[in-house]
Amino acid sequence: MIEELTRRYLHAVDRALPGYVRALYVVESAALGAWQPGASDVDTVILTSRPPTRDDLAQLARIHAGMPRSPHFDGVYLEPALARSWPADGRAVPFVVDGEFRTGAPCGELSPALWLTLRHHGIPVRGPAVDELGIRVDPERLRRYNLDNLREYWQARAATFPAELAGVSPDTPMDGGLVSWFVLGPARLHHTLAHGDIISKAAAGEYLAGLFPEYADLARRAVSWRAGEAERFTATDLIAAVDSVNAVADDAWSRFGD
């Protein structure tokens with residue numbers, strides 16, 4: 001599926017914009033050996049031969065609109081100057097998230113974590129080997145990104161659920177994707193802070209279990225759900241997932257914060 005999607009995209013873009021895409025690298029779950037049908041997208045970094053014109057952007061929008069809706073073919077576009085500086089400031093560049101092509105908006109994927117993943121694990125589909133790209137990842141910027149993300153994104157989102165679940169029966173079924181997202185996401189960031197590398201969501205389950213054994217069963221079930229197993233989650237599980245977010249974030253700030 002991954003090869004099929006990348007081949008389909010390159011065929012379409014080469015026909016519409018010959019010479020525009022000079023390199024393409026697969027990152028995230030597919031590059032980490034943890035791609036799951038039905039749960040994972042295909043994430044990419046796309047290097048172009050020139051800054052995009054208005055017509056280029058229109059053609060790219062049409063191409064991405066014609067890609068399959070599942071799994072999503074996502075990615076960020078970097079023109080030549082940006083592919084030399086590797087910006088990690090979330091600036092506005094053309095990008096695709098959940099299959100939707102966007103321009104003129106901040107790209108949250110443009111982060112030190114993306115470049116770390118590309119440098120250590122990126123799979124070249126077109127273009128030079130990853131170690132020839134000169135990717136730079138500033139360790140201090142990576143540390144601050146992960147710490148801030150844990151507090152400003154993960155804990156901020158988790159904070160909304162206790163009030164939303166007030167009065168909800170503890171055994172009320174909850175979406176497995178939501179529970180797994182909260183259980184596994186923060187643990188990945190903690191691992192990067194501790195070890196300087198990126199791990200998959202599946203590996204994050206094992207990491208969380210080692211870090212906080214009280215969440216080991218929940219982590220195991222979250223990984224199992226992502227693998228397509230018939231796991232059932234309840235409001236009690238979602239509250240536990242929220243608690244795990246705070247435990248992981250607070251521990252990270254205690255160990256790696258200023």
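Leaving aside neighbours within four places in sequence, Asp56 is in contact (heavy atoms within 4.5 Å) with Leu17, Tyr20, Arg50 and Pro51. The model is predicted: local features need pLDDT of at least 70, side-chain atom pairs count only at pLDDT 80 or more, and totals for chains, interfaces and linings use all residues. Residues are numbered from 1 along each chain as its sequence is written, and side-chain values use heavy atoms, with hydrogens and water left out.

Asp56 belongs to helix H3, residues 54-65. Helices (H or I, at least four residues) and strands (E, at least two) are DSSP runs, numbered from the N terminus. The relative accessible area of Asp56 is 3%. Asp56 is therefore buried. Buried means under 20% relative accessible area, exposed over 50%, and partly exposed in between, with a 1.4 Å probe and protein chains only. A polar atom of the Asp56 side chain lies 2.9 Å from the backbone nitrogen of Thr53. A polar contact is a pair of N or O atoms within 3.5 Å; within protein, one must be able to donate a hydrogen and the other to accept it, and residues adjacent in sequence count only if both atoms are side-chain atoms.

Helix H3 also packs with H1. Their axes are 10 Å apart and meet at an angle of about 150°. That makes H1 roughly antiparallel to H3. Axes are lines fitted to C-alpha atoms, for helices over the stretch in contact, and angles run from 0 to 180 degrees between N-to-C directions. Angles over 145 degrees count as roughly antiparallel, under 35 as roughly parallel, 65 to 115 as roughly perpendicular and the rest as oblique. The crossing of H1 and H3 is right-handed. A crossing is right-handed if the near helix is turned clockwise from the far one by less than a right angle, and left-handed if anticlockwise. On the H1 side, Tyr9, Ala12, Val13 and Ala16 take part. They meet Gln59, Leu60, Arg62, Ile63 and His64 in H3.

Ile2 is also found in helix H1. Ile2 is partly exposed, because its relative accessibility is 24%. Beyond its neighbours within four places in sequence, Ile2 is in contact with Val26, Ala30, Trp35 and Val42. Ile2 and Gln36 are 34 residues apart in sequence. Their C-alpha atoms are 11 Å apart in space.

The salt bridges, each a side-chain nitrogen of Lys or Arg within 4 Å of a carboxyl oxygen of Asp or Glu, come to 13. One of them joins Arg7 to Glu3, with the closest N and O atoms 3.5 Å apart. Both residues lie in helix H1 (residues 2-16), four residues apart, about one turn of the helix. Arg7 is partly exposed at 49%, whereas Glu3 is exposed at 59%.

Arg102 and Glu100 form another salt bridge, at 3.6 Å from N to O. Arg102 has 32% relative accessibility and so counts as partly exposed. Glu100 is partly exposed too, at 44%.

The side chains of Arg221 and Glu231 meet in a salt bridge at 3.8 Å, N to O. This pair links distant parts of the chain, ten residues apart. Arg221 lies in helix H10 (residues 216-226), and Glu231 in the loop between H10 and strand S8 (233-234). Arg221 is buried at 12% relative accessibility, whereas Glu231 is partly exposed at 24%. Salt bridges that share partners join Asp217, Arg220, Arg221, Glu231 and Asp237 into one network.
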